Amino acid sequence: MDPKQRGKILITCSAGLVDYVRREVKDLGYECGESHKTGLELQADQYDAMRLNLNLRTAYNVLFLLKKFECSSPDELYCNVAELPWEEMISAHEYLSVVSRVNTGHVDNSMFAGLKVKDAIVDRIVRQTGLRPDSGKDRNKVVVQLYWKDDLCRLYLNTSGLKLSDRGYRKMPHTAPLRESLAAAIIMATGYDGTEPLVCPMCGSGTLAIEAALIAGRRAPGLLRNNYGFMHMKYFDKAAWQQMRNEALKQSKTRGGKAALKPARIIATDIDPQAIEAARKNAMTAGVSHLIDFDVCDFAATVIPPGNGTIVINPEYGLRMGQMQKLKKTYKRIGDFFKQKCAGYTGYIFTGNPALSKVVSLRTSRRLVFYNGNIECRLLKYELYAGTKNKQA
Ligand SMILES: C[S@@+](CC[C@H](N)C(=O)[O-])C[C@H]1O[C@@H](n2cnc3c(N)ncnc32)[C@H](O)[C@@H]1O
């Protein structure tokens, strides 16, 4: 396989994030093709795939299309897959896993379809080399992905391997952490660019603050990872990858060729000392602990730097019975805190509970929809001028 051969790339993401992925892909200089709720296509080669893996903050996986074919039985699937020159792509000493998503009447379950694909690949490599590659469920080496819908199969190489949202810095997750890709999209949605302070009370494991620090420092999130699916392919060009990494590092040192300035202050607080301990360690692993001031305190005691800035708060939105009364009080206090202590700032609340957001009693200037897993959430925006009016005013 020639890694310079252009083909169709599908970038997958969680529901609600495709507009953010598109923005990132365009910023990297690519033309975007078709998109749907959880994916975006473009034409590119394997080097572009490496670059996308290195830079994308809001995506899950970068998939390279190997073959698209009509298929109406498991045997047809096997034959189509076995026609590809797998021995040129995958060493017999590699480990392989197959992910399959099936929505067709031609097969009972996706596991069986995945097994057929795996057998076709492994049998072909055995025929060509006399050696049998290892295979299993772990997605940290070669990953092949099958989508079978009705009579159509699409077979991809998953160049990311593990999801890009698994950046590798969250060694210590705390209560209900946001996925890194979602946290990055939330920060992007606020328009934050590092020039003004950012405050994250209730920071939990620090995901929002850490993603903000990576964005402000123009630091490619992929620099944090040293394992991708593409690295396990025969054609992997290690020198080109190293050069891409070096360029990304240089960019982050000069903050994207702008000024080698330190971003404005990022403040992250939480009432739970264990959360702050976790957040500190995570920020250290991410290489951004010098950019974030951590503190243990009630959110309302968070020090707000004077002037303008952004405040993003992700309170619990407890869907369990009995929590609502307590949380109502907390949301009411958040409204008071915004009004009394955050004048000049733009405030954001990320919540999955519309009933609780009403208690904040401030006028929202924007409400953006996101999905946290399968919970529909809102990012609520509040302009906090001096003397901000409450809803009733
Ligand atoms: C939903 S979690 C935040 C998760 C975070 N966004 C992350 O990605 O890890 C809510 C956090 O609010 C904190 N919290 C709850 N009540 C608080 C209060 N009164 N003051 C400050 N923090 C509080 C909890 O300790 C918890 O870490």
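**Salt bridges and the ligand site**

A search of the whole structure turns up 17 salt bridges, each defined as a side-chain nitrogen of Lys or Arg within 4 Å of a carboxyl oxygen of Asp or Glu. The model is predicted, so local features need pLDDT of at least 70 and side-chain atom pairs count only at pLDDT 80 or more, while totals for chains, interfaces and linings use all residues. Residues are numbered from 1 along each chain as its sequence is written, and side-chain values use heavy atoms, with hydrogens and water left out.

One of these bridges joins E41 to K8, with the closest N and O atoms 3.8 Å apart. This pair ties together distant parts of the chain, E41 sitting in strand β3 (residues 39–44) and K8 in strand β1 (residues 7–12), 33 residues apart; strands (E, at least two residues) and helices (H or I, at least four) are DSSP runs numbered from the N terminus. E41 is buried at 16% relative accessibility, whereas K8 is partly exposed at 32% (buried is under 20% relative accessible area, exposed over 50%, partly exposed in between; 1.4 Å probe, protein chains only).

R333 and D298 also meet in a salt bridge, at 2.9 Å from N to O. Here R333 belongs to helix α10 (residues 324–341) and D298 to the loop between β11 (292–296) and β12 (309–313), 35 residues apart.

D298 turns up again at the ligand: 19 residues surround the ligand, and D298 is among the closest, along with S205, T207, D270 and N314 (a surrounding residue has a heavy atom within 4 Å).
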